[in-house]
Amino acid sequence: MVEHSLVQIHISSKPVNVWRRTMLPRPDVDQLCCLNSECTLYSQRQANNLVVRKTYGTDQIRYLRCRRCGEEFSERKETALFNLKISEAKAVSVLDHLDVG
């Protein structure tokens with residue numbers, strides 16, 4: 001997940017506020033589970049069956065593979081962020097604004 005934090009820098013001795021993009025930590029792979037309902041380790045966390053096959057996108061989304069069944073899937077599959085075309089930071093900002101009203 002990406003977070004933006006406001007930092008102040010000085011340009012020509014004048015303070016200027018800028019947004020800095022920082023990555024938030026992702027959950028450990030052990031906290032995720034196989035999403036293949038036909039897998040014997042389906043929905044079981046900490047089964048040591050998932051490996052990161054690759055990362056992709058500006059948010060460095062992990063693409064996982066189950067060692068037991070061979071199924072490959074995005075860590076975002078079956079979440080509100082799956083197939084999202086905007087950054088996580090923007091999605092979080094939208095949700096924050098919806099929460100405020």
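**Close-up views of the predicted model**

**Figure 1. Cysteine sulfurs of the predicted model.** The cysteine sulfur closest to that of C33 belongs to C34 and lies 7.5 Å away, too far for a bond. C33 is buried, its relative accessible area being 10% (buried means under 20%, exposed over 50% and partly exposed in between, with a 1.4 Å probe and protein chains only). For C66, the closest cysteine sulfur is that of C39, at 3.8 Å, which is also too far for a bond. C66 counts as buried as well, with 1% relative accessibility. The structure contains zero disulfides (pairs of cysteine sulfur atoms within 2.5 Å). The model is predicted: local features require pLDDT of at least 70 and side-chain atom pairs pLDDT 80 or more, whereas totals for chains, interfaces and linings use all residues. Residues are numbered from 1 along each chain as its sequence is written, and side-chain values use heavy atoms, with hydrogens and water left out.

Figure 2. The protein has one helix and five strands, in the order β-β-β-β-β-α along the sequence (DSSP runs of H or I, at least four residues, and of E, at least two, numbered from the N terminus). Helix α1 comprises 13 residues, 88-100, and reaches 18 Å from its first C-alpha to its last, close to the expected 18 Å at 1.5 Å a residue (1.5 Å times one less than the number of residues). E88, A89 and A91 are buried in α1. Viewed down the helix axis, the buried residues of α1 fall within an arc of 160° and therefore line one face (the arc is taken over directions from the axis to the C-beta atoms). K90, H97, L98 and V100 are exposed on the other side of α1. In the protein as a whole, 23% of the 101 residues are buried.

**Figure 3. The largest pocket.** The space in the largest pocket is about 320 Å³. Its lining consists of 19 residues, with P27, L32, E75, R76 and T79 nearest the centre. By class, this lining of the largest pocket holds nine nonpolar, three polar and seven charged residues. A pocket is an open set of 1 Å grid points, over the protein atoms alone, where a 1.4 Å probe fits, with protein on both sides within 12 Å along at least five of seven lines; lining residues have an atom within 4 Å of a point.

**Figure 4. The second largest pocket.** The volume of the second largest pocket is about 200 Å³ (the space filled by probe spheres set on the points, which are joined across faces, edges and corners). It is lined by 14 residues, of which Y56, I61, R76, N83 and L84 are closest to its centre.

Conventions: Ala, Val, Leu, Ile, Met, Phe, Trp, Tyr, Cys and Pro count as nonpolar, Asp, Glu, Lys and Arg as charged, and the others, Gly among them, as polar.
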